[in-house]
Amino acid sequence: MVAAVAAGFALYAGSPPREAWWVAPLALAVLAAVVRHRRARAGFGYGVVFGFAFLLPLLGWLQDFLGADFGPWPWLGVAAVEALFIGLAGAGMALVSRLPAAPVWMAAVFVTAESVRSAFPFGGFPWGRLAFTQDTGPLLSLAAIGGATLISFAVALIGGGLAELVRNPRRWAVPAAAIAVPLLGGLACWPLVGTDANAGTARVAIVQGNAPNLGLGLLYEDDVLHDNHVRAAQKLVDDVRAGRTPRPDFVLFPEQVGSWGPSRTDPELSAIASQLGVPLIVGGLGQDRDGQLHNQVVRWDPGTGFGDRYVKKHLVPFAETIPMREVARLVSPFVDRFQSDMSPGEEPGVIDVAGLKLGVGICYDVAYNDVFGPAAAQGATLLAVPTNNAWYGHSEMSYQQLAMSRLRAVETGRAVLVGATSGVSAVVAPDGSVTAQTELFTEENVTAEVPLRANRTPATELGSVPMWTLAVLGVGAIAAAGWRSRKSDA
């Protein structure tokens, strides 16, 4: 039990913002060793303990956000529910640990459980996937081949190989291969991660207007976010006019800067766009004429204002969409903030702006596999992640999210612009390196020349194939282990 707790906490300690990619395989090695050849029930228990020790500190920003008003229960509840899925992984790993080439099947089972918890319940919660610990290191390049799913599998496979090698060093061939193949494969894939501007370049500006560090106090302060970002954008206008900053091709604003009714007007944004003479990409809340409420990103054009938009695909449960409203009121302030659920978008976020196609995902979207890959497949040559993390204070949340953006850059072979209300805003190169980054709770405008890329990575072409392949392997291995166990008992 102590080993499972220590391994779970070690997995957290190796997660962003700490650059310690090698910790995750070691943590998985301990979990694999603990559950090896145990009954499924024991594997489940160890998996839950491991998962809770990992997720409780990882999701500490939930306590920073909600703790003063709702106590520790939302934080503990989310961590506990997600730990149950890691418990299922532990149960499955225990079952398949007696099969030949056990590290392969144990890794497939862990990734299968990870995929399930990324989809269920209420749309899932992908935070804390193994892949998101690998924003540095040799395994990151595997994102270009099989996305986040392949990286998670590689981490779990190395961990299983290490556990098997330590247990029985004389039978070293299979565990050595389980360790060496992912590491060598990651190193071999780096030359395939291109950064050249094969579709030209774009000069972009990111406006980070900042927000007061009020936590839940920001819930009804939409005007403050709007005014702060208009003021910061006006400084950009002044810098461009004075020649201190080159005129950008377009300007990226964060999530939740505006709030527009059916009339879709915003004189201040229209003035900024007209003064710069370039379009703005702005996140905000919008209500359509039919009453539907959206979290959206809009192209705001000089002269004409509200243009094309992307509507957020993955809504945050108990915030942007509220299951079981009367019960949710006990743990979520958003029940009273939004009297009806937001409506999700269904189309990939591709917005034509300044002669290029911009792929867009809003905040929580970046944790999911089905947002930026399809945008790249539909011709996006640059990606953007407008986000509002001001709720979470000086926590690690923004850095955890930046790690996801770094992975998506390599996965799609695209530069990624992260525009945050209060930080961390960043420019991420197509190889996942961060070329510019702001601090938390600062007002800052970032300008950069970024590469545009039109080629499609294998991960973009394959889409969800790696996930379904590993899911079939994981479920098949559990079925084979069950059949083998029944046969031996007979």
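Trainee: Which residues in α2 meet which residues in α7?

Mentor: This is a predicted model. Start with helix α7, which spans residues 143–167. Its side of the contact is V155, A156, I158, G159, G160, L162 and A163. The α2 side is A24, P25, L26, L28, A29, A32 and A33.

Trainee: Are α2 and α7 oblique or roughly parallel to each other?

Mentor: Two packed helices are described by the angle and the distance between their axes. Here the axes of α2 and α7 come within 7 Å and cross at roughly 55°. Angles under 35 degrees would count as roughly parallel. The two helices are therefore oblique.

Trainee: How do α1 and α2 run, roughly parallel or roughly antiparallel?

Mentor: The axes of α1 and α2 come within 8 Å and cross at roughly 160°. That makes the pair roughly antiparallel. The cut-off is an angle over 145 degrees, so the term for α1 and α2 is roughly antiparallel.

Trainee: Which residues in α1 meet α2?

Mentor: On the α2 side are V23, A24, A27, L28, V30 and V34. The contact has 10 nonpolar residues, with no polar and no charged ones. The crossing of α1 and α2 is left-handed. The α1 residues are A3, A7, A10 and L11.

Trainee: Where is P17 found?

Mentor: Most peptide bonds are trans. A cis peptide bond joins P16 and P17, with omega about 15°. P17 is found in the loop between α1 (2–13) and α2 (23–35).

Trainee: What is omega for the cis peptide bond that joins G423 and V424?

Mentor: V424 lies in a loop, between β10 (416–420) and β11 (426–428). A cis peptide bond joins V424 to G423. Its omega is about 0°.

Trainee: Is C363 buried or exposed?

Mentor: C363 lies in the loop between β8 and α13 (372–377). Its phi is positive, about 50°, although C363 is not a glycine. Its relative accessible area is 9%. Buried means under 20%, so C363 is buried.

Trainee: What is the relative accessible area of A354?

Mentor: A354 lies in the loop between β7 (350–353) and β8 (356–360). Phi of A354 is near 55°, a positive value in a residue other than glycine. A354 is partly exposed, with a relative accessible area of 41%.

Trainee: How far apart in space are A180 and I158?

Mentor: A180 sits in helix α8 (residues 173–189). A180 is partly exposed, with a relative accessible area of 29%. In sequence, A180 and I158 are 22 residues apart. In space, C-alpha to C-alpha, they are 7.8 Å apart.

Trainee: Which residues of α14 make the contact with α7?

Mentor: The axes of α7 and helix α14 (residues 397–412) come within 8 Å and cross at roughly 140°. α7 brings A143, A144, G147, A148 and I151. The residues of this contact divide into 6 nonpolar, 1 polar and 2 charged. The α14 residues are L407, R408, V410 and E411.

Trainee: How far apart are the end C-alpha atoms of residues 75–96?

Mentor: An unreviewed UniProt entry places the feature "transmembrane region" at several spans, including 44–63 and 75–96. Residues 44–63 are 95% helix and 0% strand, with end C-alpha atoms 26 Å apart. Residues 75–96 are 100% helix and 0% strand. Their end C-alpha atoms lie apart by 32 Å.

Trainee: How far apart are the end C-alpha atoms over residues 202–452?

Mentor: For residues 202–452, the unreviewed UniProt entry gives the feature "domain: CN hydrolase". The chain there is 24% helix and 29% strand. The distance between the end C-alpha atoms is 7 Å.

Methods
Residues are numbered from 1 along each chain as its sequence is written. This is a predicted model: local features need pLDDT of at least 70, side-chain atom pairs count only at pLDDT 80 or more; totals for chains, interfaces and linings use all residues. Side-chain values use heavy atoms; hydrogens and water are left out. UniProt positions are given in the numbering used here, feature names are shortened, and annotations may be inferred rather than shown by experiment. Helices (H or I, at least four residues) and strands (E, at least two) are DSSP runs, numbered from the N terminus. Buried means under 20% relative accessible area, exposed over 50%, partly exposed in between (1.4 Å probe, protein chains only). Axes are lines fitted to C-alpha atoms, for helices over the stretch in contact, and angles run from 0 to 180 degrees between N-to-C directions. Angles under 35 degrees count as roughly parallel, over 145 as roughly antiparallel, 65 to 115 as roughly perpendicular and the rest as oblique. A crossing is left-handed if the near helix is turned anticlockwise from the far one by less than a right angle, and right-handed if clockwise. Contact means heavy atoms within 4.5 Å. Ala, Val, Leu, Ile, Met, Phe, Trp, Tyr, Cys and Pro count as nonpolar, Asp, Glu, Lys and Arg as charged, and the others, Gly among them, as polar.
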